[in-house]
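Subject: Structure for your files

Hello,

The structure we discussed is below. My notes on what was found in it follow.

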Amino acid sequence: MQQVFSVRVLDGTTLRFANPMVGVESPIWKPRVKFREYWRLIREQPDDPAETYHCTYLPNWINASARAFRGIIPNPEALFMNSRLDWAASQSCQLLKSQLRQGNHLKIVKKVLCFGLGDICRKPPEWMKRNAKTDAEISEQEVSFVRGAMTQHAIALTIREICGDIADSHVELLAQDPDYTDETKSILTASGFSIMGEHGAGGFAEIDDTSLVVSIFIEAPLKQIIADIARPPIIISTGFDVFNDSEKPWVDAESPRTVEMWKEYEEKIPFPIAPDEDGMMKKLRDIYIYSKKNA
């Protein structure tokens with residue numbers, strides 16, 4: 001277990017935080033990265049110690065006991081395989097393949113990086129099942145809860161396959177989501193994924209000019225991170241929104257840096273969804289494909 005967390009401050013200095021879980025047997029508190037992106041730095045009054053005001057990220061701890069108590073859905077391996085088969089047989093899959101094969105962007109892709117695609121094994125929270133009257137209804141809600149995440153990982157596998165075919169070489173497939181259960185990690189690893197960034201940040205170091213980035217409503221300022229470190233040939237992510245209806249910034253909000261970055265990309269293209277497949281693809285409705293100019 002890591003004993004000290006080091007955090008770089010905007011002025012170049014380093015802060016060090018002791019890990020309070022060191023020496024604790026079977027701790028229920030797990031470390032996570034807490035991001036303080038552009039809008040939170042300039043609009044909000046910090047509630048952290050004064051010396052951390054200029055930190056863009058901080059160590060944070062979440063209590064994992066409640067989520068762990070939910071348990072795992074029955075037969076997640078079989079459900080994931082069925083989701084992969086459903087996706088492969090869909091018209092949306094063919095539309096995506098056709099879209100990605102346009103242009104020369106995929107020729108330089110060496111790795112597909114997935115961020116925030118969701119856990120595929122954990123049961124839904126209790127409140128979601130209160131209206132279910134029968135075991136069959138409960139089972140359907142459990143499957144429905146993970147179906148979107150399963151489809152998103154199936155899409156990632158297809159993207160890696162296309163990139164490998166076009167580049168005529170091995171393409172890595174990496175995934176980061178601090179919400180992954182051990183069961184999900186096992187299934188994804190067996191399916192060809194490499195898991196990265198256990199605490200929600202390590203995978204960002206993999207982003208470079210040869211990576212294709214897939215991000216579905218991530219709980220991190222990924223666009224701002226990309227704007228600082230690389231220009232991937234293709235980014236699949238959300239739109240240009242900044243604030244929600246309460247005038248609070250989205251976690252992955254646009255910023256002045258990302259506005260400048262998008263000038264290097266073609267006009268965004270909606271993620272292709274066949275007209276009769278909106279149910280299976282509902283979590284992809286506000287996702288877009290960004291292709292770098294002259295890639």
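Leaving aside neighbours within four places in sequence, Arg8 is in contact with Thr13, Thr14 and Tyr57, where contact means heavy atoms within 4.5 Å. Arg8 is found in strand β1, residues 4-8; helices (H or I, at least four residues) and strands (E, at least two) are DSSP runs, numbered from the N terminus.

Some conventions. This is a predicted model, in which local features need pLDDT of at least 70 and side-chain atom pairs count only at pLDDT 80 or more, while totals for chains, interfaces and linings use all residues. Residues are numbered from 1 along each chain as its sequence is written, and side-chain values use heavy atoms, with hydrogens and water left out.

Overall

The chain has eight helices and eleven strands. Its radius of gyration is 20 Å, close to the 19 Å that the globule rule gives for 295 residues, so the chain is as compact as a globular protein of that length. The radius is taken over C-alpha atoms, and the rule is 2.2 Å times the number of residues to the power 0.38. Along the principal axes, the C-alpha atoms fill a box of roughly 55 × 55 × 40 Å.

Of the 295 residues, 44% count as buried. Buried means under 20% relative accessible area, exposed over 50%, and partly exposed in between (1.4 Å probe, protein chains only). The accessible surface of the chain comes to about 15600 Å², and carbon and sulfur atoms hold 50% of it; these areas come from the Shrake-Rupley method with a 1.4 Å probe, and for residues only the protein chains shown count as cover. Among contacts with a separation of 6 or more, 68% are between residues 24 or more positions apart.

Pocket and cavity

The second largest pocket contains about 500 Å³ of space. Of the 20 residues that line this pocket, Thr56, Tyr57, Ile225, Asp228 and Arg257 are the closest to its centre. On a 1 Å grid over the protein atoms alone, a pocket is an open set of points with protein on both sides within 12 Å along at least five of seven lines, a cavity is a set where a 1.4 Å probe fits but cannot get out, and lining residues have an atom within 4 Å of a point. Grid points are joined across faces, edges and corners, and a volume is the space filled by probe spheres set on the points.

Helices α1 (38-43) and α7 (222-229) each supply at least two residues of the pocket lining. The largest share, four residues, comes from α7. By class, the lining has twelve nonpolar, three polar and five charged residues. Here Ala, Val, Leu, Ile, Met, Phe, Trp, Tyr, Cys and Pro count as nonpolar, Asp, Glu, Lys and Arg as charged, and the others, Gly among them, as polar.

There is one cavity of 30 Å³ or more. The largest cavity has a volume of about 40 Å³, and its lining is made up of Gln152, Ile155, Val214, Ile216, Ile236, Phe271 and Leu284. That lining divides into six nonpolar residues, one polar and no charged.

Helix α7 and its surroundings

Six of the eight residues of α7 are buried, so this helix is largely enclosed by the rest of the structure. The buried residues are Leu222, Lys223, Gln224, Ile225, Ile226 and Ala227. They pack against β3 (29-35), α1, β5 (111-115), β8 (211-215), β9 (234-237) and α8 (256-262). Thr258 lies in α8 and is buried, with a relative accessible area of 0%. Beyond neighbours within four places in sequence, Thr258 is in contact with Lys223, Gln224 and Ala227.

Loops

Pro178 is in the loop between β6 (172-176) and α6 (182-190) and counts as partly exposed, at 28% relative accessibility. Its C-alpha atom is 5.4 Å from that of His199, 21 residues apart along the chain. Apart from neighbours within four places in sequence, Pro178 is in contact with Arg32, Glu198, His199 and Gly200.

Asn75 has a positive phi of about 50° although it is not a glycine. Asn75 is in the loop between α2 (65-70) and α3 (76-88) and is exposed, at 56% relative accessibility. Asp168, in the loop between α5 (135-167) and β6, has a positive phi near 55° and is likewise a residue other than glycine. The relative accessible area of Asp168 is 69%, which counts as exposed.

Regards
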